[in-house]
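Please read them with the structure open.

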Amino acid sequence: MKKIIQVVGARPNFMKVAPIHRAILEIPDWDSCIVHTGQHRDVNMSDIFFKQLQLNEPRHFLGVKSGSHTQMTADIMLAFEGILDLEKPDLVIVVGDVTSTLACALTSVRCGIPVAHVEAGLRSWDRNMPEEINRILTDQLSDVLFTTEGSGAKNLLQENIPEHKIHFVGNCMIDSLIRILPFAQHQEHCSRWGLLRGSYALMTMHRPTNVDTEIGLRKIIQIVECILKEIPVVFPVHPRTRNRLMEFGLWTSLEQQKGLFLTEPLGYIEFISLLNDSRFILTDSGGIQEESTFLKIPCLTFRKTTERPVTVEVGSNRMISDLSMESVHRSVLGILTGQTLPSEIPELWDGHAGKRIVEVLLRGKM
């Protein structure tokens with residue numbers, strides 16, 4: 001029996017792990033063990049979510065509490081070491097770029113267990129982002145590196161990762177999106193606010209560089225006001241963003257905007273329903289850049305750089321680095337008047353990345 005542990009720490013990790021988990025279960029004498037570090041608890045991870053993704057509940061839940069990156073890394077490593085002693089896996093698969101990714105990769109290497117990194121090689125070139133440090137270090141530790149787009153292999157080779165370790169397999173997030181899309185399309189979640197398909201913009205914002213200062217939050221409010229002149233906005237508010245808005249006394253100002261629909265963070269299916277039916281999205285999220293590209297929904301990303309350049313090169317993503325009302329308004333008007341560039345779905349974003357990963361592992365590339 002070959003045992004493979006897959007680590008999840010935050011909601012996007014579940015979407016990346018699910019296709020690999022299903023593919024592993026199709027192999028005789030292979031065992032897929034999911035370990036949830038508890039880095040992010042998500043109440044929207046309901047039974048129906050697991051059923052639709054055909055994903056088992058995690059076999060182990062480490063229950064790590066939120067804290068500083070250093071504290072969480074240490075806590076996860078100590079707890080995960082016990083799981084490795086218990087399960088004695090042949091391989092540990094880590095996905096993405098959260099604290100759990102690096103912590104479990106480092107622990108596995110210390111215990112002499114091979115590591116595979118899914119979504120390897122992505123680089124924002126901004127080392128002020130904790131995720132960037134996690135990506136770089138995890139890639140250096142990994143024995144097998146699975147990339148989602150062409151930039152991944154290029155970056156890894158420049159960092160002296162041997163070519164035989166790198167495998168271009170596509171995007172597991174898109175595997176899950178394709179699987180869940182029929183459920184999301186059936187929901188028409190926008191009707192909750194009396195909105196029609198294509199009649200509203202969707203917005204998310206949670207990066208510290210955008211929401212951790214009063215100046216940044218005031219810019220966001222100004223941008224919302226600017227967009228509302230053209231189209232209603234649905235804004236699922238991240239807890240970090242909500243807390244900062246209240247801390248700086250700005251929540252009431254946002255709440256009073258006519259045509260703005262504020263909501264709690266949504267479940268995966270509900271959010272994909274809203275994204276699929278939106279006219280465009282404004283975000284600073286990495287994963288949403290990918291999801292909107294596949295759905296061909298115009299995306300305005302409020303960041304200076306992106307670790308997912310293919311979403312700009314061939315997809316529907318456009319970067320807005322200065323958060324100025326003029327840039328946003330110009331971009332919004334361009335979208336609403338149809339002045340957008342043709343977009344394509346990136347290579348191998350076809351719903352079969354999980355199977356390709358397991359095929360590589362079957363060939364003994366670990």
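Which residue is the bridge partner of Ile-5 in strand 2? The partner is Cys-33, and the points below begin with the sheet to which this pair belongs.

1. Basis of the note. This is a predicted model, in which local features need pLDDT of at least 70 and side-chain atom pairs count only at pLDDT 80 or more, whereas totals for chains, interfaces and linings use all residues. Residues are numbered from 1 along each chain as its sequence is written, and side-chain values use heavy atoms, with hydrogens and water left out.

2. The sheet. Strands pair if DSSP finds at least two bridges between them. Strand 1 (residues 2-8) and strand 2 (residues 30-36) run parallel and are joined by seven bridges.

3. Helices on the sheet. Helices are DSSP H or I runs of at least four residues.

4. Positive phi values. Most residues other than glycine have a negative phi. Glu-119 has a phi near 85° and is found in the loop between strand 5 (115-118) and helix 5 (130-141). Trp-125, with a positive phi of about 65°, is also placed in the loop between strand 5 and helix 5. Glu-119 is buried at 4% relative accessible area, whereas Trp-125 is exposed at 58% (buried is under 20%, exposed over 50%, partly exposed in between; 1.4 Å probe, protein chains only).

5. The aromatic pair. A search of the whole structure finds one aromatic pair (ring centres of Phe, Tyr and Trp, the last by its six-membered ring, within 6.5 Å; planes under 30 degrees apart are stacked, over 60 edge-to-face, the rest tilted). The ring centres of Trp-193 and Phe-261 are 6.4 Å apart and their planes stand at 45°, so the pair is tilted. Because Trp-193 lies in the loop between helix 7 (172-187) and strand 8 (201-203) and Phe-261 in strand 10 (residues 260-263), the pair ties together parts 68 residues apart in sequence. Trp-193 is buried at 17%, and Phe-261 is partly exposed at 23%.

Methods:
Helix = DSSP H or I, 4+ residues; strand = E, 2+ residues; numbered from the N terminus.
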